[in-house]
Amino acid sequence: MMNRTKGDEEEYWNSSKFKAFTFDDEDDELSQLKESKRAVNSLRDFVDDDDDDDLERVSWSGEPVGRRTRLGSFQSLSDALSDTPVKSYAPELGRPRGEYRDYSSDWSPSDTVRRLRKGKVCSLERFRSLQDKLQLLEEAVSMHDGNVITAVLIFLKRTLSKEILFRELEVRQVALRHLIHFLKEIGDQKLLLDLFRFLDRTEELALSHYREHLNIQDPEKRKEFLKTCIGLPFSAEDSAHIQDHYTLLERQIIIEANDRHLELAGQTEIFRKHPCKASILNMPLVTTLFYSCFYHYSEAEGTFSSPVNLKKTFKIPDKQYVLTALAARAKLRAWHDVDALFTTKNWLGYTKKRAPIGFHRVVEILHKNNAPVQILQEYVNLVEDVDTKLNLAIKFKCHDVVIDTCRDLKDRHQLLAYRSKVDKGSAEEEKIDAALSSSQIRWKN
């Protein structure tokens with residue numbers, strides 16, 4: 001038998017951290033039930049008083065659930081078809097019999113489920129045979145009410161061996177999906193893994209095991225746990241992700257420890273000028289790359305903290321690498337590094353500027369980091385599309401680029417219009433006047 005404590009079941013119904021399973025049966029014409037819109041304050045509001053004379057009313061110990069717990073998506077069929085806010089409760093099953101009077105001995109599974117659906121108190125203890133328990137489950141599923149299905153599953157989970165429970169649910173897919181969701185919500189990882197093994201759902205088993213790392217706060221313990229996930233039956237894509245996750249955390253732990261030592265020693269200029277404000281442990285790869293480009297840009301490729309090492313190890317695309325490196329070096333106003341990032345040499349030794357992200361993006365990032373106008377003008381000039389170049393030059397007040405571009409376009413009108421935007425008596429105004437008075441230019445307008 002599976003003897004889970006009653007407190008575990010109470011936590012499911014009472015805690016606001018659990019969200020609802022969305023009832024979605026492909027074979028059913030109702031593909032999804034709507035979510036409850038508000039919490040319920042009392043059982044009395046939900047129970048129909050008119051036909052309650054044959055049962056002494058006893059409150060369930062479970063607190064009312066509704067919008068906050070998001071358990072309200074376990075709604076009845078009528079709730080799903082209307083916009084009326086639903087009020088939902090979940091019974092705590094298995095209360096010692098001496099705590100209430102039980103007049104339900106003559107109720108059939110159908111009657112019991114109907115009363116549960118109405119929110120009335122019912123004892124399920126009278127259903128002792130496997131046949132009766134399965135009929136109870138069938139009735140609950142036929143009602144399309146998630147609350148009732150889950151309530152019955154809790155009862156079966158407590159009163160059947162897991163082997164029998166798994167065997168019967170394997171041929172009852174709707175109930176099976178509810179149980180899987182319920183086990184995920186209450187965090188019963190062991191039973192969930194046992195269920196996936198029984199169903200031979202190896203990839204889900206592996207993913208479920210992998211998700212446990214989220215509950216491990218200690219970086220070293222999390223790293224060791226991730227190591228146990230390598231080799232599990234994931235898809236090829238997921239296997240690569242798991243390996244990268246483990247390798248990245250391993251690197252982060254080494255970098256973090258080394259950098260804290262350097263920072264405390266106070267002998268490294270970059271850490272004196274820019275102390276670390278946050279840990280990189282468990283951060284995404286792109287965050288780690290930015291950190292590396294900021295603090296370890298010139299390191300040799302053989303070190304774990306080298307940006308080039310990270311790029312090669314994790315196969316970071318050129319565009320992502322350049323974008324991240326540019327943002328980090330521009331933030332430090334390391335303009336020489338920015339220049340080197342875009343300078344390439346051909347086999348003859350000639351240098352050329354090349355930007356896999358496009359020079360228009362380079363200009364935007366440089367401007368955000370308050371690059372001097374001389375730096376901006378250099379990269380605005382490298383933008384190939386003339387209209388884009390001119391718009392950027394005007395936007396960022398790169399006067400020389402605007403003047404030269406208008407002169408090259410032989411656009412006298414635009415040059416005259418721009419003359420009013422530069423300072424009177426400035427070198428830019430003199431340059432515009434010289435161009436306008438030049439007899440060498442054949443203006444198009």
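Trainee: Leaving aside neighbours within four places in sequence, which residues is Tyr-379 in contact with?

Mentor: This is a predicted model, in which local features need pLDDT of at least 70, side-chain atom pairs count only at pLDDT 80 or more, and totals for chains, interfaces and linings use all residues. Residues are numbered from 1 along each chain as its sequence is written, and side-chain values use heavy atoms, without hydrogens and water. Contact means heavy atoms within 4.5 Å. On that basis Tyr-379 touches Val-338, Asp-339, Phe-342, Lys-353, Phe-359, Val-362, Val-363 and Leu-366.

Trainee: How many residues does the largest nonpolar core have?

Mentor: Such a core joins buried (under 20% relative accessible area, 1.4 Å probe, protein chains only) Ala, Val, Leu, Ile, Met, Phe, Trp, Tyr and Cys residues through side-chain atoms within 4.5 Å. Tyr-379 is among those with the most contacts inside the largest one, as are Leu-326 and Leu-415. The count for this core is 53 residues.

Trainee: Which helix gives the largest share of this core?

Mentor: Helices are DSSP runs (H or I, at least four residues), numbered from the N terminus. The largest share is six residues, from residues 318-331, helix H15.

Trainee: Is Arg-333 exposed or partly exposed?

Mentor: Arg-333 sits in the loop between H15 and helix H16 (335-341). Its phi is near 60 degrees, positive in a residue other than glycine. Exposed means over 50%, and partly exposed lies between that and the buried limit of under 20%. Arg-333 has a relative accessible area of 41%, so the class is partly exposed.

Key: Helices (H or I, at least four residues) and strands (E, at least two) are DSSP runs, numbered from the N terminus.
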